[in-house]
Amino acid sequence: MKYLRMLLMAFAASVLAACGGGGGSASGTGTLSVKMTDAPATPEYKEVWVTVEKVRVHMDETAAEGDGGWEEIVLNPPKKIDLLTLRNGVLAELGAIEVPAGQYHQFRLVLGSGPNDNELVLADGSTEPLPLKTPSAQQSGLKLNAKPFTVEDGQLVEIVLDFDAARSIVKAGNSGKYNLKPVITVIPVLDAGAVSGSFADATVGANASVSLQVYDPSTDTVTVLRATTPNADGSWKLAPVAEGGNYNLVVTKAGYRPLVQTGVTVVAGEILAIDPLVLTPVEEVTSGDPPVTSYPTMRTVSGNVAPAGSALVRVLQKVVDPADTANDIVVELAFQNADAVTGEFSFALTVEPADVDGGAGANGGLFTLVAVGDNGPGTPVDVDLNAGDRTDLSLPMAP
């Protein structure tokens, strides 16, 4: 732990040195190490494979593919990785390289483009992999949205790529084809910590989603920082997580009320332990002969993004704590990539209120759905499911 603290302090120094603007070179060399993790949060896929060929960085944010000055981690042979195995703090090593000291502004990831390089296996009992169509502008690498980072002389800088498989796969109509539209977050392990815990009942943890989110009331935006699904024993871990406070832990599972814990604080170099999680089942009714079980508080909301096309649909809810209504927050309860051809989406949601900080909240059944595409977020639409299902919802996209 002492070594980790010293390493993180060294990393933190590079954050203080980093700022916006053009590139700049200092004397000497340092080491850049890159790892990969995933935020699996969907039971739809059993395996999601991507093949990594290169990681490329450049000091100039305007540098083109053929310009000089690119520093590359070349994986030889290319590394094929099942993203769904990279959860609860598990990292895949992509390699390390000695680079000139200075500030880097471009970060690119080059994936393989062969017929079997990127593929998935559905969790419906299938065993045959399905190819994932990769972006056309792949040869120069996927340009990742990353803040500039500085490598000091003699310093080791560690970067983690969070390749979000669940948000990156888009179904293409009834063709049986799937597109890969990578959603990747670059996380410097400079001033990061972790959050971990377990489920009181490990069986309840199966197929649950645990995420750490932040709500910005000034812009009314919700950002999912890290997400995972628990291990078989109910344990889970979110790492790395940037140091900070006022985070919200959000736990969801089909057939259970959402669980929200507010005011989570992460300290660099430390693991925050959360008390065992207990989820409340939604109302269940069994009747008839033979008996049939139904869930009267579950509702369906479905429809299309308009115009039809590829878009991420998010389900948001204002979480109202009756004991502290001045501190209301908004959380993401579910997400789904709309069908790339038809624009269709569908969610099953409970109208029972979320459990907030150990007590029952309010605002159950009231949701906001918004589609986010290449042109940015569309127009949010408020939905009240207390009266019944909503199967004709149209989500307008940004022009």
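This is a predicted model: local features need pLDDT of at least 70, side-chain atom pairs count only at pLDDT 80 or more; totals for chains, interfaces and linings use all residues.

Thr-37 is part of strand β1, which covers residues 24-37.

**Thr-37**
- Because its relative accessible area is 0%, and buried means under 20%, Thr-37 counts as buried.
- The side chain of Thr-37 comes to 3.4 Å from the backbone oxygen of Leu-86.
- Leaving aside residues up to four places away in sequence, Thr-37 touches Leu-86, Val-90, Leu-91, Val-160, Leu-161, Asp-162, Phe-163 and Arg-226.

**Ala-101**
- Ala-101 sits in strand β4, which runs over residues 92-104, and with a relative accessibility of 1% Ala-101 is buried as well.
- Although 73 residues separate Ala-101 from Gly-28 in sequence, their C-alpha atoms are 5.5 Å apart in space.

**The second largest pocket**
- The second largest pocket has a volume of about 440 Å³, and 21 residues line it, with Asp-220, Leu-316, Val-330, Thr-368 and Pro-380 lying nearest its centre.
- Two or more lining residues are given by each of the strands β16 (221-228), β24 (312-319), β29 (366-373) and β31 (381-384), and β29 supplies the largest share, five residues.
- By residue type, the lining of the second largest pocket consists of 10 nonpolar, six polar and five charged residues.

How values were computed
Residues are numbered from 1 along each chain as its sequence is written. Side-chain values use heavy atoms; hydrogens and water are left out. Helices (H or I, at least four residues) and strands (E, at least two) are DSSP runs, numbered from the N terminus. Buried means under 20% relative accessible area, exposed over 50%, partly exposed in between (1.4 Å probe, protein chains only). A polar contact is a pair of N or O atoms within 3.5 Å; within protein, one must be able to donate a hydrogen and the other to accept it, and residues adjacent in sequence count only if both atoms are side-chain atoms. Contact means heavy atoms within 4.5 Å. On a 1 Å grid over the protein atoms alone, a cavity is a set of points where a 1.4 Å probe fits but cannot get out, and a pocket is an open set with protein on both sides within 12 Å along at least five of seven lines; lining residues have an atom within 4 Å of a point. Grid points are joined across faces, edges and corners, and a volume is the space filled by probe spheres set on the points. Ala, Val, Leu, Ile, Met, Phe, Trp, Tyr, Cys and Pro count as nonpolar, Asp, Glu, Lys and Arg as charged, and the others, Gly among them, as polar.
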